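Q: Could we go through this one together? I'd like to hear what stands out.

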Amino acid sequence: MAQKRPNIPESVKRQIRQRCGFGCVICGLPLYEYEHIAEWSAVKRHDPDEMTLLCPTHHAEKTRGLLPVAEVKSADQAPFNFRSGQSESFPLRYSGDSCLVSIGGSIWRHEFTQDAVVPLLVIRGCAVIEVKKQDERLLLSLRVYNKQAKPLLQIVENELVFSTSSWDVELVGRLLTIRGGSRDILVQMEFQTPDAILITRGVFAFGGAQIQVEPDHIHLPKYNIRMAGYSARGNGGSALRFD
Ligand SMILES: [Zn+2]
């Protein structure tokens, strides 16, 4: 009788993600499967050193024998995302005439009637979250840091790129989580495409000023201000500004 294949423990999955740069070792895509380099039937164990990350396309190529195992092994030794220190860019599918951005439980909505660039969160004159409507496209841009002002991720006109030096980065469903340790969530955001993004953890910063986002409030450590439950429906003049 065939032996039932046990689930891969979460700690093993994390070790594989960390070793593989949080993306397919061949192309860097943060949508992947946990793959045994040698077939499961041959090894029958979940050893993180014998496993790798492959996106659905490269997984299918390997399964069909079109992607040689030797190539997977060499990519596993030098994963795509570690070559540049940041992930391959991943396109977010935002579109339409309206958007909703939720940050720490405060909500901004904007309806576009024409092409425009709309700042939603402004720190010292710099738009750290911005939405642009251009030629039928809705383009989101933002940058997120840790409390030590180290950049963790950026979205530039819908192209998501994250640093591979974080302890863990995981995209599960539409939820992106970046961790600094096992109980230390640095960034959490849900991409509710086509028109919404929910940010529940992260630090936004510019020019030495910092805004810390927690699940139910925004915290400005410099002024010891906490803000919760703000809601704006905008024409472009309703951005949250900290000057
Ligand atoms: Zn791939």
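Q: Where does Ser87 lie?
A: In this predicted model, Ser87 lies in the loop that runs between helix H5 (80-84) and strand S3 (90-91).

Q: And is Ser87 buried or exposed there?
A: Ser87 is buried, since its relative accessible area is 4%, and the cut-off for buried is under 20%.

Q: Which residues is Ser87 in contact with, leaving aside neighbours within four places in sequence?
A: With those neighbours set aside, Ser87 is in contact with Asn81, Leu160, Val161, Phe162 and Thr164.

Q: Switching to the metal, what coordinates the zinc ion?
A: The zinc ion is held by Cys24 (SG), Cys27 (SG), Cys55 (SG) and His58 (ND1), at 2.0 to 2.4 Å, and along the chain these donors follow the spacing C-x2-C-x27-C-x2-H.

Q: What parts does the pair Cys27 and Cys55 tie together?
A: Cys27 sits in the loop between helix H1 (10-20) and strand S1 (33-36), while Cys55 sits in the loop between strand S2 (51-54) and helix H3 (56-63), so the pair links parts that are 28 residues apart in sequence.

Q: How about the geometry of the site, what is it?
A: The site is tetrahedral, with angles of 98 to 118° among the 4 donor atoms.

Q: Are those two cysteines buried or partly exposed?
A: Cys55 is buried, with a relative accessible area of 3%, whereas Cys27 counts as partly exposed at 21%.

Q: Last topic: which residues touch the most other members of the largest nonpolar core?
A: That core has 44 residues, and Ile103, Ile129, Leu142, Leu153, Met189, Phe191 and Phe204 touch the most other members; apart from it lies another core of 17 residues, including Ile16, Ile26, Tyr32 and Leu54.

Key:
Residues numbered from 1 in each chain as written. Predicted model: local features only at pLDDT ≥ 70, side-chain atom pairs only at ≥ 80, totals over all residues. Heavy atoms only, no water. Donors = N, O, S within 2.8 Å, 3.2 Å for Na, K, Ca; no water. Tetrahedral: all angles 85-135°; square planar, octahedral: opposite > 155°, others 65-115°. Helix = DSSP H or I, 4+ residues; strand = E, 2+ residues; numbered from the N terminus. Buried < 20%, exposed > 50% of the residue type's maximum accessible area, 1.4 Å probe, protein only. Contact = heavy atoms within 4.5 Å. Core = buried A, V, L, I, M, F, W, Y, C linked by side-chain atoms within 4.5 Å.
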